[in-house]
Every structure is written in C-alpha cells, then in structure tokens.
Amino acid sequence: MLKRLVKNVLPSSAVAAVNHWRMRERLYKSWSKAAAAAPAYGDKHLTAFRIERSRQLVGKEESYVQIPAELLPAMDIPSGRFVDFGGSAGELCAVLLKQFPAWSFTVIETKSMADAAQALRPAISYSDQLPAEFDVFYSSGTLQYLADPEQLWREALSKTTRYAYLARNSFSNRKLFTVQSSRLFDNGAGPVPEGFDNVEIRYPHQTISEESLRGIADEVGFDLAARFEGRNSGVTGTRADVYGADLLFKRR
C-alpha cells in the first residue's frame with residue numbers, strides 16, 4: 001500500500017532515485033546472496049570498455065595515475081618483482097616501470113582482462129593467478145570484491161618476500177554484504193572511448209575486518225609498518241560504520 005502511494009505521489013524520476021538508493025544500501029545475508037543479485041565483476045562489457053579506455057593512455061599513463069608516495073620505500077632495492085592484484089590494464093605498473101626499469105611487474109586480473117590487456121603493454125605480465133614468489137604485493141580497492149578476501153590475503157602474503165601494501169580498503173567491524181552500483185563511464189581513467197553506452201554496472205561487495213587482515217599478516221610473519229588513516233576512497237554507500245585506511249606491511 002505504501003509503495004503504491006509513493007509511486008502515485010512522487011514523479012517517476014524521484015521513484016527511480018529512491019529505488020536506486022535502496023538498492024545501493026541494501027544488505028544481504030551472505031556473499032552468495034549478493035553475488036546472485038548482480039552480474040560477475042568480470043563482465044565482458046565492462047572489460048571491453050576498460051581496455052579501450054586504457055588503450056588511449058598508453059605512453060602517457062603518468063598523466064592519469066599517481067603512485068602512492070608511501071609505496072616507494074618498499075622498492076628500495078635495485079631490482080625486484082612487483083605484483084599488482086586487481087591492477088586493471090596495468091596503468092600503475094606502466095608508471096612504475098618507467099621509474100624502476102630493472103623490476104618486473106605482474107598484474108593479476110580476471111582472465112578476460114588479463115588476456116585482453118597483455119597486448120596493450122607487453123612489457124608487463126598479466127595473469128589470473130599469483131606467481132610463486134614476489135617481493136612486493138600491492139592491491140588497491142580490490143579485496144572487497146572477492147568472495148573470500150582473507151584467503152587471498154593469506155595466500156598473497158605467503159608468497160611475498162618483503163612488503164605488502166593495501167590501498168582503498170572498505171573496512172568495518174562486522175561483514176556487510178551489498179551490491180555496488182556505478183555507471184560504466186565511472187570505471188577507469190582517461191577519455192571515454194566511442195561506441196559505449198553509459199549503462200549501470202552492478203557487482204557484489206563486502207566490507208572487511210581490518211583486525212582480521214592484521215591478524216593474518218602477523219601469523220604469516222609480517223609487521224604493520226605504517227597505517228594511513230582517513231583513506232576512504234574504497235568506501236561505498238553511506239553507512240557510518242564503514243571506514244577506510246591504507247596499510248603497509250613488512251616481512252620480519
């Protein structure tokens with residue numbers, strides 16, 4: 001009854017806005033419930049768009065990508081192996097490669113993204129699997145889109161020899177499962193390529209316990225070297241109990 005009254009009183013645009021807000025804020029009982037309510041993150045349409053958008057940045061990535069200053073001390077050896085988990089088409093690695101040409105860089109992405117991105121930046125390796133060993137693990141705004149972020153974190157640290165940096169995190173004291181919504185053109189950086197419509201993209205999302213990640217790191221042999229508060233770029237929605245912070249870990 002109330003829903004019908006709202007629809008009759010409010011204009012259709014307002015009703016659509018209310019429905020959109022309710023969908024963004026809705027909580028699900030589990031990751032599987034949230035995933036069932038949204039397409040997979042590796043959606044072919046999204047992958048194609050991100051590849052074409054990144055194609056326009058080849059050779060000028062530094063104009064669109066900023067390296068976190070706190071990451072640079074982790075690369076204080078002449079050569080090493082750097083992994084960017086969830087690194088899209090490799091824009092960050094391309095910028096780092098110019099500064100650290102003796103290092104090797106690997107981007108871990110969905111298989112469709114990894115396969116499509118390899119031709120864009122052949123000096124960077126792409127895969128949907130973590131390498132056996134690497135010196136620096138970096139991930140920005142990605143763990144919260146995994147079904148089991150804690151398992152991935154533990155696996156990544158077990159293969160990391162020196163530093164691990166987590167940026168753009170979405171933390172809360174208890175897990176919150178939602179479906180995140182954005183417009184296609186909000187994904188990636190640079191000029192919007194032609195031939196795409198600015199459609200809605202939806203994918204499952206969960207918050208992560210900072211305490212849990214720090215506990216896993218301690219078990220695997222890492223100390224928290226630095227914590228940068230107020231980094232809320234990975235936070236979605238409006239819930240007050242969700243917060244962001246960047247974390248830098250160093251192996252003992």
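This is a predicted model: local features need pLDDT of at least 70, side-chain atom pairs count only at pLDDT 80 or more; totals for chains, interfaces and linings use all residues.
Biologist: Which residue does Glu210 bridge to?

Modeller: Arg227, at 2.6 Å from N to O. Glu210 is in helix H8 (residues 210–220) and Arg227 in strand S8 (residues 222–229), so-called distant parts of the chain, 17 residues apart. Helices (H or I, at least four residues) and strands (E, at least two) are DSSP runs, numbered from the N terminus.

Biologist: Is Glu210 buried or exposed?

Modeller: Buried, at 6% relative accessibility. Arg227 is partly exposed at 29%. The cut-offs: buried is under 20% relative accessible area, exposed is over 50%, and partly exposed lies in between (1.4 Å probe, protein chains only).

Biologist: What does Asp218 bridge to?

Modeller: Arg252, with N and O 2.3 Å apart. Asp218 sits in helix H8 and Arg252 in the segment after strand S9 (245–251), so the bridge ties together parts 34 residues apart in sequence. Asp218 is partly exposed at 44%. Arg252 is exposed at 55%.

Biologist: Which residues does the salt-bridge network join?

Modeller: Glu210, Arg214, Arg227 and Glu229, through bridges that share partners.

Biologist: And Asp135, what is its partner?

Modeller: Arg81, with the closest N and O atoms 3.1 Å apart. Asp135 is in strand S4 (residues 134–140) and Arg81 in strand S1 (residues 81–85), so parts 54 residues apart in sequence are tied together. Asp135 is buried at 9%, while Arg81 is partly exposed at 30%.

Biologist: Switching to the inside. Which residues touch the most other members of the largest nonpolar core?

Modeller: Leu71, Phe82, Leu96 and Phe105, out of 30 residues in that core. A nonpolar core is a set of buried Ala, Val, Leu, Ile, Met, Phe, Trp, Tyr and Cys residues joined through side-chain atoms within 4.5 Å. Helix H5 gives the largest share, five residues.

Biologist: Which residues of H5 are buried?

Modeller: H5 spans residues 91–99, and Glu91, Leu92, Cys93, Ala94, Val95 and Leu96 are buried. Their cover includes helix H4 (44–55), S1, strand S2 (104–108) and S4.

Biologist: What does Phe82 touch?

Modeller: Beyond four places in sequence, its contacts (heavy atoms within 4.5 Å) include Leu71, Met75, Cys93, Leu96, Trp103 and Tyr138. A second, separate core has 23 residues, among them Phe134, Leu166, Ile208 and Ile216.

Biologist: Now the sheet. What is the strand order?

Modeller: S3-S2-S1-S4-S5-S9-S8, an open sheet of seven strands with mixed pairing. Strand S3 (125–127) and S8 are the edges with a single partner strand each, so one side of each has no neighbour in the sheet. Two strands pair if DSSP finds at least two bridges between them.

Biologist: How many bridges join S5 and S9?

Modeller: Four, in the antiparallel sense. Tyr163 has Lys250 in S9 as its bridge partner. Helix H7 (residues 149–158) packs on the sheet, touching S1, S4, S5, S8 and S9, and its direction makes about 145° with that of S5. Axes are lines fitted to C-alpha atoms, for helices over the stretch in contact, and angles run from 0 to 180 degrees between N-to-C directions.

Conventions:
Residues are numbered from 1 along each chain as its sequence is written. Side-chain values use heavy atoms; hydrogens and water are left out. A salt bridge is a side-chain nitrogen of Lys or Arg within 4 Å of a carboxyl oxygen of Asp or Glu.
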